[in-house]
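Morning, everyone. I'll keep this brief. Please bring the model up on your screens.

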Amino acid sequence: MRTASAALIASGLIAGGAVQAQEPAGAAVFKACQSCHSLDPAKTGMAGPHLYGLNGRVFGSAEGFDYSPAFKAAKAQGLSWDRERLLGYLADPDAVVPSGWMSPPAGLDAANRAALADYLLKQ
Ligand code: HEC
């Protein structure tokens, strides 16, 4: 799994490099999330909520997405996303939102998680 995902990330970097030399590493890592998440708030109907404007966004608040009871509870508490919570969630979703629906992303090491978090918090 680790090898497969490293290859995926490497191919993303190479593919990105062909079109745009300066694609940030976090954008390449985000390819592992795009089957379920979009960065376009208008794009609904995916398996996961859109991740646009995540920095400071209240947990479970993407319009049009029906979250798990766990995320609805986090929203009711007013929890909002910051770098620390995002890094924790990417390492182990249950550690931040117990019993949510997202599985732990496979094969992301700490450097990949950091690059991804920095990228997402700027969208
Ligand atoms: C197989 C589908 C799937 C993949 C792949 C996936 N997620 Fe998720 N993600 C979900 C689902 C479903 C939820 C909603 C969880 C809930 O309601 O309990 C979610 C929720 C989230 C949230 C909370 C958003 C909010 O509105 O509060 C973040 C942040 C997130 N995912 C980031 C990521 C990142 C970054 C990746 C890539 C490393 C990723 N996810 C990969 C399905 C996925």
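Asp118 is partly exposed, at 34% relative accessibility. Its salt-bridge partner is Arg83, with the closest N and O atoms 2.8 Å apart. Arg83 also counts as partly exposed, at 38%. Now look at where the two sit. Arg83 is in helix α4, residues 83-91, and Asp118 is in helix α6. That is 35 residues apart, so this pair links distant parts of the chain. One caution: this is a predicted model.

How many salt bridges does a search of the whole structure find? Two. The other pair is Asp66 with Lys72. Here the closest N and O atoms are 2.9 Å apart. Asp66 is exposed, because its relative accessible area is 53% and the cut-off is over 50%. Lys72, at 45%, is partly exposed.

Next, the metal. Which protein atoms are donors to the iron atom of the ligand? NE2 of His37 and SD of Met102. They lie 1.9 to 2.0 Å from the iron. His37 is in the loop between α2 (25-30) and α3 (69-76). Met102 is in the loop between α5 (93-96) and α6 (110-120). So the pair ties together parts that are 65 residues apart in sequence.

Buried or exposed, what about His37? Buried, at 10% relative accessible area. Met102 is partly exposed, at 29%.

Last, the geometry. The iron site has six donor atoms and is octahedral. The angles among those donors run from 87 to 179°. For reference, ideal octahedral angles are 90 or 180 degrees.

How values were computed: Residues numbered from 1 in each chain as written. Predicted model: local features only at pLDDT ≥ 70, side-chain atom pairs only at ≥ 80, totals over all residues. Heavy atoms only, no water. Donors = N, O, S within 2.8 Å, 3.2 Å for Na, K, Ca; no water. Tetrahedral: all angles 85-135°; square planar, octahedral: opposite > 155°, others 65-115°. Helix = DSSP H or I, 4+ residues; strand = E, 2+ residues; numbered from the N terminus. Buried < 20%, exposed > 50% of the residue type's maximum accessible area, 1.4 Å probe, protein only. Salt bridge = Lys/Arg side-chain N within 4 Å of Asp/Glu carboxyl O.
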